Amino acid sequence: MEKVNSIIDNLPMQTYKGTSVLDAARSVGINIPTLCHLADLTPEGSCRVCVVEVEGVRGLVTACTYPVSEGMIVHTNSAAIREARKSVVELMLANHPQECLSCQRNLDCELQALASTLGVREIKYGGERRQFAIDDSNPFIIRDNNKCILCGRCVRVCKEVQCCNTLDWTERGFNTKVTPAFDEDMVNTSSCVFCGTCVSACPVGALTEKAMNGVGRPDKKVKTTCPFCGAGCNYDLNVKDGKLIGVTSNLTSVVNGRLTCVKGRFGTDYVHSPERLTTPLIKKNGEFVEASWDEALDLISTRFTEIKNKYGSDALAAVSSARCVNEENYIMQKFMRAVIGTNNVDHCARICHAPTVAGLAASFGSGAMTNSINEISQCKVIFLIGGNPTEAHPAIGAKMRQALRNGAKLIVADPRRIELAAKSHVWMQLTPGTDIALINGMMRIILKNGWHDQEFINQNTTDFAKMAEVVEKYTPEYVEEITGVPKHLLFEASKMYATSERAAIFYTLGITEHICGTDNVMSLANLAMLTGNVGKLYSGVNPMRGQNNVQGSCDMGALPNVYSGYQKVNDPQIHAKFEKAWGAKLSDKIGYMLPDMIDASIAGKLKAMYVMGEDPIRSDGDAHHVRKGFEHLEFLVVQNIFMTETGKLADVILPAASFAEKDGTFTNCERRVQRVRQAIDPIGNSRPDWQIIRDLSNKMGYQMSYNDPSEIMDEMASLSPMFAGLSFKRIDKNGLQWPVPDKEHPGTQYLHVDGKFTCGLGVFKAIEHQPPAELPDAEYPFLLTTGRILYHYCITTAGYSKQLTDYRPEERAMIHPDDAKRLNIVNQDFITVTSRRGAVQAKAWVTDDVLPGGIWMSFHYPECPTNEITSGCGDKVTKTYEYKVCAVKVAKVTGEYF
Ligand SMILES: Nc1nc2c(c(=O)[nH]1)N[C@H]1C(S)=C(S)[C@@H](COP(=O)(O)OP(=O)(O)OC[C@H]3O[C@@H](n4cnc5c(=O)[nH]c(N)nc54)[C@H](O)[C@@H]3O)O[C@H]1N2
Ligand SMILES: Nc1nc2c(c(=O)[nH]1)N[C@H]1C(S)=C(S)[C@@H](COP(=O)(O)OP(=O)(O)OC[C@H]3O[C@@H](n4cnc5c(=O)[nH]c(N)nc54)[C@H](O)[C@@H]3O)O[C@H]1N2
Ligand SMILES: [Mo]
């Protein structure tokens, strides 16, 4: 890029051509004030506060929009400039309410600060006050247009960052204002997702967080990693008097910048829910009674030891937690392995992305997202299959919309018209459970048209011929018959994906939660290898991992077959290494997977369980069966921040501290290990999970002496080659993306560089279509699919966020208008959805976003325990439940709602 020389306030400088005067000045520490400009938005020059003088140019120019050029001489602080800025601010203040003291932004207002810097003391102009109605129609944001200075930052944030286009200008002249379409309340506009990013951009008190109004300024802000999804956004927890009062953007966040979603910004109020567990509980005569930590841990230590001595180590099992920090997962698996002596440890990856771990490991040698979140907005072609990031990974969804703004092409394969399907170039509305046929069909078209990358295939892969042979029978006609996707759409999608120089695949549970989940994942790996779309920027196979730390729980070895860093428990050398390091006798027998634990308990082989941060009775498929498994146990310990359905069956409840109350790290879906920082003291008598496990271990006679989670990470890094370079110090600022093999390694933005796969050659798999375990029939004619909505999160936590629950209080089951009509169901009617395993009731949401014959429900609401009807069948390889398909019947509730 060409460089130019200029002089700003007598300072000679060299900058890139095209740099604005504002940026050039800032780069050498000259601060030009502005109210409408933000570094991450397109400059607009609307507030005119940043005016400067350019020699040879008449009048003043706005520094944020004026580019530097060769030989330019700029003055930024002359008397004339100061006077001009003062007038601008005086005019703004003239029709701005004079209630600074009662304004939420008092002392944090850019207009107030600027007025003070410019020495504006009195308001010269007798301006008219505007009389707009205040919009507080929603639980999250208050919009007060009277305070708006029309800088347009919120409009641009909404357009350019969240890409929702909710806010825009309406009216003209004095009445100009920023509103949602048709000047509606925010709650009545369908496009607002309450991400609150506009609030982060507002320089004054026109947009504020409802919950933070009247609370006063925070005592401190603590940067941390969000506890909801696996995108790994960072932000500041605002703390006052030892309590969280809200969340604000932290612009140094690598993944998300100022962007947040509604849960991150407004949902962490669960931390202070009155329902939090605050003291250990021991069940006596069927009732929980409060106990001291010593009593509770002594009892667990005694019972675990008895059961181990009586039935053997494998009669005990633990469920670790993808909501807990890495360090807690590491010591949980160490506890089970070194203290109890079993590999029976697993966690919710089993019922989520286990097929990703297994499938990508088999195809590429490494079971994680190949590329990075910040590449997304620059992608040329995105193929989104079986994932709904708008609601499940909102920061990623926003980056996909940014890509669309930048001209990217988007292909979506989803049975529902999700938000991104509506915005896509090709939407393949396939029948659930038919992805292999779809991908095989795409590969056949690509091969027939010669769009594959033969060189990449020859150099970097093996078993191509076997795959190509199987694919041959997946003609467009055959694929249309299986998937319902018209031939021309399959062709368009194949062409778009394969003929672009680079294309990236993103997927989630629509791929993994099937009896053929691992095969589905390997099919996507086939497609990427066939077209050479892996091992370079803006490409790859990218599973969006679900829970905040599900990547980390897997990495830390909370799995029955591997230690931290995916080191196999049955590899003699690894086994010997860990026995030596931990000074314990370890088992080399692969442990139970989560669904096996349930079956083993029913079969009388498993006698005790320790469940940390998971609620299997609500979250696992076929809940009745799961409950039976827990009922059969002799002893159950549940460690959680709330009482859960599984907790109700426990013998001992241990109250844990939430993410806001402890230090540690979470690993997001792009393999980035980031800090979680303690902002407040543990609530009540609760304790961080790592301390609880450490203390229990010490009671059981195995010494653990960690004083800080960083010591746990150091031990983990010393034993796990792929994480050897990690330490709290190194990840402090931006985190690090693994592999990080040594202390100097900068981390890895994308995997398998230049087609050099972790496993050597990438492996093509020959995969045939496999129908789901349970398909609709005459008795159960509907196909039920389950998943997520934006405003709720899995089962427990978001339910304790008052703000989120107020907004979306109940389950709504999607049903197609044709079916609804036939069954005499109208929107908001109560319906019963019944499967072979049970029945639940919910309100109907009549919409053609679902296919005829399809029902779509979430599993978020305790009043509607969806998993009482889902199937208990699972993926052949990893046992991940087939949550995405089962057969149900539907009826309008005519009698009592149960
Ligand atoms: N708001 C919110 N966000 C969350 C969570 C939450 O509970 N709430 N949970 C987190 C967790 S744990 C996870 S794992 C992720 C999950 O994130 P996602 O997997 O994106 O979420 P889902 O809604 O379960 O399913 C995604 C999509 O798969 C589609 N689908 C269903 N069956 C099929 C199929 O057979 N083929 C194809 N191609 N598509 C299909 C559904 O229509 C749905 O739109 O979200 C994380 N983020
Ligand atoms: N029908 C249907 N069912 C599904 C799915 C689906 O798509 N459809 N998806 C599945 C998927 S992908 C997943 S990941 C699972 C999720 O299933 P779960 O993991 O059971 O879901 P969560 O509600 O996130 O449970 C986490 C628990 O951790 C607790 N918790 C939060 N923070 C902490 C902490 O710091 N310490 C401790 N000790 N506890 C904490 C919460 O209170 C909560 O009870 O659900 C699965 N179930
Ligand atoms: Mo998940």
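A: One term before we look. Two strands pair if DSSP finds at least two bridges between them. Strands are DSSP runs of E, at least two residues long, and helices are runs of H or I, at least four long; both are numbered from the N terminus.

Q: Got it. Which residue is the bridge partner of leucine 281 in β27?
A: Isoleucine 653 is the partner of leucine 281. Leucine 281 opens strand β13, residues 281–284. Strand β27 covers residues 652–655.

Q: How many bridges join β13 to β27, and which way do they run?
A: The two strands are joined by 2 bridges and run antiparallel.

Q: Before I go on, what am I looking at?
A: This is a predicted model: local features need pLDDT of at least 70, side-chain atom pairs need 80 or more, and totals for chains, interfaces and linings use all residues. Residues count from 1 along each chain as written, chains are lettered from A and ligands numbered from 1 in written order, and side-chain values use heavy atoms, without hydrogens or water.

Q: Back to β13. How does it pair with β14?
A: In the antiparallel sense, over 4 bridges. One such pair puts lysine 283 opposite phenylalanine 288 of β14. β13 and β14 form a hairpin, with 2 residues between them. Asparagine 285 sits in that turn and has a positive phi of about 50 degrees.

Q: What is the order of the strands in the sheet?
A: The order is β14-β13-β27-β26-β25-β15-β16. That makes 7 strands in an open sheet with mixed pairing.

Q: Which are the edge strands?
A: β14 (287–290) and β16 (345–346). Each of these pairs on one side only.

Q: How do β25 and β26 run?
A: They run parallel. The link between β25 (608–612) and β26 (635–640) has 5 bridges. Valine 611, for one, has valine 638 of β26 as its bridge partner.

Q: What holds strands together in general?
A: Strands of a sheet pair through backbone hydrogen bonds, either parallel or antiparallel.

Q: New topic. Where is alanine 291?
A: In the loop between β14 and α7, a helix at 293–311.

Q: Buried or exposed?
A: Alanine 291 is buried, at 9% relative accessible area. Buried means under 20%, exposed over 50%, and partly exposed lies in between, using a 1.4 Å probe and protein chains only.

Q: How far is alanine 291 from isoleucine 418?
A: They are 127 residues apart in sequence. In space, their C-alpha atoms are 48 Å apart.

Q: And why is helix α26 largely enclosed?
A: Because 8 of its 11 residues are buried. The helix covers residues 709–719. Among the buried ones are Pro709, Ile712, Met713 and Leu719.

Q: What about arginine 694, buried or exposed?
A: Arginine 694 counts as buried, at 15% relative accessibility. Its place is in helix α25, residues 689–699. The side chain of arginine 694 reaches the backbone oxygen of tyrosine 706 at 2.8 Å.

Q: Now the ligands. Which residues come nearest to ligand 1?
A: Ala392, Asp414, Arg788, His792 and Cys794, out of 35 residues around ligand 1. A residue counts as near if one of its heavy atoms lies within 4 Å.

Q: Why does ligand 1 lie between two domains?
A: Because domain 4 (354–543) and domain 5 (782–892) both give residues to its shell. Domain bounds come from an automatic or database assignment.

Q: Which backbone atoms lie by an oxygen of ligand 1?
A: A backbone N or O atom of glycine 433 lies 2.7 Å from one. For asparagine 388, a backbone N or O atom lies 2.8 Å from a ligand oxygen. The protein covers 99% of the 910 Å² of accessible area that ligand 1 has on its own. Such areas come from the Shrake-Rupley method with a 1.4 Å probe.

Q: And ligand 2, how many residues surround it?
A: 33 surround ligand 2, with Ser619, Asn640, Asp689, Thr796 and Asn867 closest. Domain 3 (281–348 + 549–746) and domain 5 (782–892) each supply at least three residues of that shell.

Q: Which polar atoms lie by ligand 2?
A: One is a polar side-chain atom of lysine 662, 2.9 Å from a ligand oxygen. A side-chain N or O atom of arginine 788 is 3.0 Å from a nitrogen atom of ligand 2. Isoleucine 795 has a polar backbone atom 2.9 Å from an oxygen atom of ligand 2. The protein covers 99% of the 920 Å² that ligand 2 has on its own.

How values were computed: Polar contact = N/O pair within 3.5 Å; in protein donor to acceptor, adjacent residues only side chain to side chain.
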